[in-house]
Amino acid sequence: MKKRKIAIAITGASGSIYAKVLFDKLTLLKDQIADLGIVMSDNAKDVWHHELGNSSFNGYGFKFFDKRDFTAPFASGSAGFDTLIVCPCSMGTLGRIAGGISDDLISRAADVVLKERRKLILVVRESPYNLIHITNMKTVTEAGGIICPATPSFYSLPQSIEEVAETVVNRVIDLAGFNHDSYRWGDQ
């Protein structure tokens, strides 16, 4: 199996639990990863601390890049990153990506994966959607991106908030092309 080069962006949208569970899953899938880069907005760090009560993102051993670091490998298509996952993705970030505005590393990385026809997965976290949000989702979808709303499923009978979040993260992991064990419809 080909190892994947993955970039993860975390924005200041509510839903830090999704990013934490994604980090936990990627730690377990490290044998399938050739390179992994992380960029977090300042708001993402604040929201993580507020929602999860800690700064545990620092303890994963991943390589973090500043949101203004355009020398990060995934800021260029020549680095060959397969996938960018924005989790959670704020509506502001979605709007900048849809508008082609590459004013920070998150939006630049999204622009790169779209222009290279690689995989962009946006885990949008907002409700309800207004027409601007829907239009931006349509624009990103037409450009080749995948909108994966942070909408959990319950048929696996999750017992904790982390298990609820994991129902979304498992879909993201599937969309990114990883092999992993997770609940599948019809499983007993």
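User: What makes arginine 108 and aspartate 111 a salt bridge?

Analyst: The closest N and O atoms of arginine 108 and aspartate 111 are 3.6 Å apart. A salt bridge requires a side-chain nitrogen of Lys or Arg within 4 Å of a carboxyl oxygen of Asp or Glu, so the pair qualifies. This is a predicted model, in which local features need pLDDT of at least 70 and side-chain atom pairs count only at pLDDT 80 or more, while totals for chains, interfaces and linings use all residues. Residues are numbered from 1 along each chain as its sequence is written, and side-chain values use heavy atoms, with hydrogens and water left out.

User: Where do arginine 108 and aspartate 111 lie?

Analyst: Both are in helix α4 (residues 105–115), three residues apart, and so about one helical turn separates them. Helices are DSSP runs of H or I with at least four residues, strands are runs of E with at least two, and numbering starts from the N terminus.

User: Why is aspartate 82 called buried?

Analyst: Its relative accessibility is 13%. Buried means under 20% relative accessible area, exposed over 50%, and partly exposed in between (1.4 Å probe, protein chains only), so aspartate 82 counts as buried.

User: Which residue does aspartate 82 meet in a salt bridge, and at what N to O distance?

Analyst: The partner is lysine 2, at 2.8 Å.

User: Why is the pair of phenylalanine 23 and tryptophan 48 called tilted?

Analyst: Rings of Phe, Tyr and Trp (its six-membered ring) pair if their centres lie within 6.5 Å; planes under 30 degrees apart are stacked, over 60 edge-to-face, and the rest tilted. Here the centres are 5.8 Å apart and the planes are at 35°, so the pair is tilted. Phenylalanine 23 is in helix α1 (residues 16–28) and tryptophan 48 in helix α2 (residues 42–52).

User: What makes tryptophan 48 and phenylalanine 57 an edge-to-face pair?

Analyst: Their ring centres are 5.3 Å apart and their planes stand at 80°, so the pair is edge-to-face. Tryptophan 48 is buried at 0% relative accessibility, and phenylalanine 57 is buried with a relative accessible area of 6%.

User: How do you know that β5 and β6 pair?

Analyst: Two strands pair if DSSP finds at least two bridges between them. Strand β5 (residues 119–124) and β6 have two bridges, in the parallel sense, so they pair.
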